[in-house]
Amino acid sequence: MIIGAHVPTSGGLQTALKVGREIEAEALQIFPSAPLQWKIRGWSDEACAEFLSTWPSEFKQVVFHGIYLTNLAGASADNVVKTKTALIETLTLAPKIGVVGTVFHPGTYNGGIESNAEQIRDVIKTVLDNTPKESKLIYENSAGSTIGGKLEDLVWLLENSSDRSRVGVCLDTCHAFAAGYDISSEDGYHNYIAEVERLIGLENVFCWHLNDSKFGLGAKRDRHENIGHGELGKAAFGFLLNDRRWKSAAGYLEVPGLKDTGPDLENVTILKSLRTG
Ligand SMILES: [Zn+2]
Ligand SMILES: [Zn+2]
């Protein structure tokens, strides 16, 4: 597996490259904009072109993590419109900097997926219909209290997407563990991947998020911890990083870092030491 990290873009795209180099990441995940604001700011065409001319020679992949406010099952008409707009703007911006996948949190259950089925299908279709074909929408699993806690939720989203070739999933290790999937042991890890293969299909896993978990198995708490410092433990990352099936896939750190500055050289180095192949 390729070892990536979420890096900041404060000050612009060049910051992402600088931090990525400093922490020796092999792939980068960035926000298209401040994650708690609806407006997608993006960058100037010049800045995008410069970034696109630089990163492919140093990193294997760059992905977007969408803003946190979007919600496919949003309860108000206003929220639904803003969700569509933010996702359309993000997926339109992505190809300008060579980003193929935009990972995002599908949203709250708001009474269940089925009771919002029509709306969810409509939001996904509107987003895909109004964005470049090469831009993919990637559904992230959740820690259990929002859409994506169960693998079946992700299956539903894939099956209800108007263009299956433009969607995929991102699996976060902390979220899977918090949602009750015990990937801390070797047997548990293999059972989980067997379920992913049976329900989702390995080819539909676009990328991973590599985070330890501050809380225990099934706690349904989304709190990331540094690798080896949490309840999930180091071993799980060894199973994942050395599984040949993920050889060309990237996993992105979204950990607090030892100094609370986000993914750092220490966490990247631990993952590299666990990767034996
Ligand atoms: Zn994540
Ligand atoms: Zn999380």
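Let me start with a contact: Leu151, Glu152 and Val155 in helix 5 meet Glu195, Val196 and Leu199 in helix 7. By type, the residues of this contact are 4 nonpolar, no polar and 2 charged. Before I go on, please keep in mind that this is a predicted model.

Staying with that pair, helix 5 covers residues 151–159 and helix 7 covers residues 186–199. Their axes come within 10 Å and cross at roughly 25°. Angles under 35 degrees count as roughly parallel, so helix 5 is roughly parallel to helix 7. The crossing is right-handed.

Helix 3 runs over 77–93, and helix 4 is residues 117–129. Here the axes come within 9 Å and cross at roughly 30°. These two helices are therefore roughly parallel to each other as well, and their crossing is right-handed.

Which residues of helix 3 meet helix 4? On the helix 3 side they are Val80, Thr83, Lys84, Leu87, Ile88 and Leu91. On the helix 4 side they are Gln119, Val123, Thr126 and Val127. The contact divides into 6 nonpolar, 3 polar and 1 charged. On spacing, an α-helix has 3.6 residues a turn, so residues three or four places apart point the same way.

The largest nonpolar core has 81 residues. Leu28, Val62 and Val169 are the ones with the most contacts inside that core. As general background, nonpolar side chains tend to be buried together in soluble globular proteins.

What does Val169 touch, leaving out residues up to four places away in sequence? The list is Ile138, Tyr139, Asn141, Leu154, Ile200, Asn204, Val205 and Phe206.

Next, helix 1, which is residues 13–22. Its buried residues are Leu13, Ala16, Leu17, Val19 and Gly20. What covers them includes strand 2, at 27–30, and helix 2, at 45–54.

Helix 1 is followed by Glu24, and the phi of Glu24 is positive. The value is near 60°, in a residue other than glycine. Glu24 lies in the loop between helix 1 and strand 2. Is Glu24 exposed or partly exposed? There are 13 other C-beta atoms within 10 Å, so Glu24 is partly exposed. The cut-off for exposed is 12 or fewer.

Asp260 also has a positive phi, about 60°, although Asp260 is not a glycine. You will find Asp260 in the loop between strand 10, at 250–253, and helix 9, at 265–274. Asp260 has 8 C-beta neighbours inside 10 Å, so Asp260 counts as exposed.

Ala75 is partly exposed, because 14 other C-beta atoms lie within 10 Å. How many residues apart along the chain are Ala75 and Leu158? They are 83 residues apart, and their C-alpha atoms are separated by 21 Å.

To go back over the main points: helix 5 is roughly parallel to helix 7, and helix 3 and helix 4 are roughly parallel to each other. The largest nonpolar core counts 81 residues, with Val169 one of those with the most contacts inside it. Glu24 has a positive phi without being a glycine, and Asp260 has one too.

Definitions and conventions: Residues are numbered from 1 along each chain as its sequence is written. Chains are lettered from A and ligands numbered from 1 in the order in which they are written. This is a predicted model: local features need pLDDT of at least 70, side-chain atom pairs count only at pLDDT 80 or more; totals for chains, interfaces and linings use all residues. Axes are lines fitted to C-alpha atoms, for helices over the stretch in contact, and angles run from 0 to 180 degrees between N-to-C directions. Helices (H or I, at least four residues) and strands (E, at least two) are DSSP runs, numbered from the N terminus. Angles under 35 degrees count as roughly parallel, over 145 as roughly antiparallel, 65 to 115 as roughly perpendicular and the rest as oblique. A crossing is left-handed if the near helix is turned anticlockwise from the far one by less than a right angle, and right-handed if clockwise. Two residues are in contact if their C-beta atoms, placed from the backbone, lie within 7 Å. Ala, Val, Leu, Ile, Met, Phe, Trp, Tyr, Cys and Pro count as nonpolar, Asp, Glu, Lys and Arg as charged, and the others, Gly among them, as polar. A nonpolar core is a set of buried Ala, Val, Leu, Ile, Met, Phe, Trp, Tyr and Cys residues joined through C-beta atoms within 7 Å. A residue is buried if 20 or more other C-beta atoms lie within 10 Å of its own, exposed if 12 or fewer, and partly exposed in between; C-beta atoms are placed from the backbone.
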